[in-house]
Amino acid sequence: MRPKSWWLDVVLVAAFVAITVALMRGHLLRLDERVADWSLNNQPAVPYWTARVLNYLGQGGQILMPLSLLLSGVLAWRTRSVRAILPFVAAFVLTYVAIGPLKIWADRAAPRFDGPDRVIMHNPYAEGVYAMSYPSGHLGNSLAWYAVLAILAVALLRRPLLRWEWWALRVAPVVIVFCTTVYTGFHWLTDSVAGLLLGLVLARLIERIPFDRVPLPALKGWEKPVGFTPPSDRSASPV
């Protein structure tokens, strides 16, 4: 279902900017600390390790990218078309240019950081992997890569996703990743909210791309459409 209008994207971007500005001005920090302190102080072994395992649903480089690449390869082999890899390429480029630079710019430590001023943005005491908490890559990657998986699934199944399939692929993993990321202390609450907003924008951008109609040079038949939009699902989403 390709989004039709841009108003929701504008709202999502505005909300992301608002949260970012609020954090830079010192707002919402106490909320982050309270949620993180409760989470870190309430982690019995079974719930904690269950959350750790489920959190892998949001691992872009270790889980979602390899799975998307595998399905892209299967679709390319079945259709004999390079268009099968275009969703993967789009998600890789968008997440790389959007999430990574923002993390470096924000320079925010994670809840488990034991240095000074652990909750503030632009933390001068945190560096490297300890200063890349905002926005949450788990959430941003989840939304972008599960959008790709849904696009690939539609092409491989040659039909639109059923309602339960859509919820299982697009909603349930994101909810699980959001909760487990905050509970395990990998990210502050506002990190995950910001990652969710940014990820929704990226997912909607990916869904807007007409991969079957992107201009490609003649590739001896390997440029033909692969069926990313089944005939029974040509209409666009109202939002």
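**View 1. Helix 7 packs against helix 8 in this predicted model.** Helix 7 covers residues 163–183. Its axis and that of helix 8 come within 10 Å. The two axes cross at roughly 155°. Angles over 145 degrees count as roughly antiparallel, so helix 7 is roughly antiparallel to helix 8. The crossing of helix 7 past helix 8 is right-handed. Helix 7 brings Arg170, Val174, Phe178, Thr181 and Val182 to the contact. Helix 8 brings Leu189, Ser192, Val193, Leu196, Ala203 and Glu207. Sorted by class, the contact of helix 7 with helix 8 holds seven nonpolar, two polar and two charged residues.

**View 2. Helix 5 meets helix 6.** The axes of helix 5 and helix 6 come within 10 Å. They cross at roughly 170°. Helix 5 and helix 6 are therefore roughly antiparallel to each other. On the helix 5 side, look for Pro87, Phe88, Ala91, Phe92, Thr95, Ile99 and Lys103. On the helix 6 side, look for Gly137, Gly140, Asn141, Ala144, Trp145, Val148 and Ile151. The contact of helix 5 with helix 6 has nine nonpolar residues, four polar and one charged.

**View 3. Leu161 sits in the loop between helix 6 and helix 7.** Now find Leu139. Leu139 and Leu161 are 22 residues apart in sequence. From C-alpha to C-alpha, Leu139 and Leu161 are 22 Å apart in space.

**View 4. The largest nonpolar core has 44 residues.** Leu75, Tyr134, Ile206, Phe211 and Phe228 have the most contacts inside this core. Several helices give two or more residues to the core: helix 1 (7–24), helix 2 (29–40), helix 4 (60–79), helix 5 (86–106), helix 6 (137–157) and helix 8 (189–208). Helix 6 gives the largest share of this core, 12 residues.

**View 5. Phe211 and the residues it touches.** Phe211 is one of the residues with the most contacts inside the largest nonpolar core. Not counting residues up to four places away in sequence, Phe211 touches Arg83, Leu86, Pro87, Ala90, Ile151, Ile206 and Phe228. Ile206 and Phe228 are also among the residues with the most contacts inside that core.

Terms used. Residues are numbered from 1 along each chain as its sequence is written. This is a predicted model: local features need pLDDT of at least 70, side-chain atom pairs count only at pLDDT 80 or more; totals for chains, interfaces and linings use all residues. Side-chain values use heavy atoms; hydrogens and water are left out. A nonpolar core is a set of buried Ala, Val, Leu, Ile, Met, Phe, Trp, Tyr and Cys residues joined through side-chain atoms within 4.5 Å. Buried means under 20% relative accessible area, exposed over 50%, partly exposed in between (1.4 Å probe, protein chains only). Helices (H or I, at least four residues) and strands (E, at least two) are DSSP runs, numbered from the N terminus. Contact means heavy atoms within 4.5 Å. Axes are lines fitted to C-alpha atoms, for helices over the stretch in contact, and angles run from 0 to 180 degrees between N-to-C directions. Angles under 35 degrees count as roughly parallel, over 145 as roughly antiparallel, 65 to 115 as roughly perpendicular and the rest as oblique. A crossing is left-handed if the near helix is turned anticlockwise from the far one by less than a right angle, and right-handed if clockwise. Ala, Val, Leu, Ile, Met, Phe, Trp, Tyr, Cys and Pro count as nonpolar, Asp, Glu, Lys and Arg as charged, and the others, Gly among them, as polar.
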